[in-house]
Amino acid sequence: MLVDATLIERARNGDDAAFNEIVVASRRRVLGTIARLIGRREDVEDVGQQVFLRLYLSLDQLRTPDVFDPWLYRLTVNAAYDYLRRQRRRNEMRMADLPEQVVMSADAAAGGKREHEEAEKARTREYVQGLLASVSEADRSLLILKEVEGLSLKELEKVYHVKENALKVRLFRARQRVLKALSAQREGAMEAGSQR
Amino acid sequence: MKMKPPDSNSAKFDRELDDLFAAYLQACPDPEPSPEFMPRLWQRIEARRSASFTFGRLTRAFVTAAAAICILLGLMQAYLPSQPVLYTQTYVEALQAENSTDAPSMVEALFVEDGGPSYQ
């Protein structure tokens, strides 16, 4: 737990300084989760502020400080989910859709080791986000929390208020869909390679 | 029914997906918040607080006005002279009175239509 229970108690009783400390202690982790959930760096802070605003307004509904972490995750996932729903209309061209040659030439043009690393990271981000686009936004956030953030099924149960078995089924199906998208991409790339 | 043989490709893709998720975590590290993060957050909180305060005041004013109107109407009901009663019978009583007339109106109407003898 990143935040002290007494701090949460003080914030619940209207202590703004305590709330400020909570934000400072947990904002990096929240922003990181949002960045991985929404995949758009420029909007991460905006969504993050939305999370903390909701936290401020709903802190009095928190039953006990013990459930603060899943509570904060829940607020984070909901804010990211709302953002993704707003963005659904935007149909942007992704790097993952570009032919490999174009991506390679973009890498080469970047030049330098650091730039090359950054370009590689950007390519990984775009590629994984492209794969995750094959599942619904709800399943996508569930997969990211489990597979990327490393939350256990017990923790996810507290975040989603869904039974562990139901979560397992949802995770399995979502993973199968992503695997299908991955194998389709790999086979497509192999076919394109053999035609050259 | 034959069982499908285990697909070596699926295990390969499974591992590859795990590696991709690990690489994704490396590619998306926790970002450092900008210096404007906290001031902007407090601005938002203040804006929401003032909106809630205005809404609260409006609600209180509305409730007070509604309570005042209720009291006024109650006082009017209690102190003003009561209106004359228009109906003294119940619906059932009125229906009974209507049916107890001597001449059946249906029969009378038939006589009038045929041009036959009437009671008049």
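In this predicted model, residues 24 or more positions apart account for 62% of the contacts in chain A with a separation of 6 or more. Chain A holds 9 helices and 0 strands, and 31% of its 196 residues count as buried.

**Fold of chain A**
- Read from the N terminus, the elements of chain A follow the order α-α-α-α-α-α-α-α-α.
- Helix 6 of chain A covers residues 113–132, and its end C-alpha atoms lie 28 Å apart.
- Buried residues in helix 6 of chain A are R123(A), R125(A), Y127(A), V128(A), L131(A) and L132(A).

**Packing of helix 2 on helix 4 in chain A**
- Two packed helices are described by the angle between their axes and the distance between the axes.
- For helix 2 of chain A and helix 4 (residues 68–87) of chain A, the angle is about 35° and the axes are 10 Å apart.
- The crossing of these two helices of chain A is right-handed.
- Helix 2 of chain A makes the contact through S26(A), V30(A), T33(A), I34(A), L37(A) and I38(A). On the side of helix 4 of chain A, the residues are L72(A), T76(A), A80(A), Y83(A) and L84(A).
- By class, this contact between helix 2 and helix 4 of chain A consists of 8 nonpolar and 3 polar residues, with no charged residues.

**Nonpolar core**
- The largest nonpolar core has 48 residues, and those touching the most other members are I34(A), I38(A), V47(A), A80(A), L143(A), V178(A) and Y24(B).
- Helix 2 (residues 16–38) of chain A supplies the largest share of this core, 9 residues.
- In soluble globular proteins, nonpolar side chains tend to be buried together.
- I38(A) is in contact with D43(A), V44(A), V47(A), A80(A), Y83(A) and L84(A), leaving aside its neighbours within four places in sequence.

**R140(A), a buried arginine**
- R140(A) belongs to helix 7 of chain A, residues 137–148.
- R140(A) counts as buried because 22 C-beta neighbours lie inside 10 Å, and the cut-off is 20 or more.
- The C-alpha atom of R140(A) is 7.8 Å from that of L37(A), although the two residues are 103 residues apart along the chain.

**H161(A), a loop residue**
- H161(A) sits in the loop of chain A between helix 8 (153–160) and helix 9 (164–195).
- The phi of H161(A) is positive, about 55°, although the residue is not a glycine.
- H161(A) is exposed because 8 other C-beta atoms lie within 10 Å, and the cut-off is 12 or fewer.

**Contact between chain A and chain B**
- Chain A puts 26 residues into the contact and chain B puts in 24 residues.
- On the side of chain B that touches chain A, the elements giving two or more residues are helix 1 (8–27) and helix 2 (37–79) of chain B.
- Helix 1 of chain B gives the most to that side, with 11 residues.
- The residues on the side of chain B that touches chain A comprise 16 nonpolar, 2 polar and 6 charged.

Technical notes:
Residues numbered from 1 in each chain as written. Chains lettered and ligands numbered in written order. Predicted model: local features only at pLDDT ≥ 70, side-chain atom pairs only at ≥ 80, totals over all residues. Helix = DSSP H or I, 4+ residues; strand = E, 2+ residues; numbered from the N terminus. Contact = placed C-beta atoms within 7 Å. Nonpolar A, V, L, I, M, F, W, Y, C, P; charged D, E, K, R; others polar. Core = buried A, V, L, I, M, F, W, Y, C linked by C-beta atoms within 7 Å. Expected span 1.5 Å × (residues − 1). Axes fitted to C-alpha atoms, helices over the stretch in contact; angles between N-to-C directions. Left-handed = near helix turned anticlockwise from the far one by under 90°.
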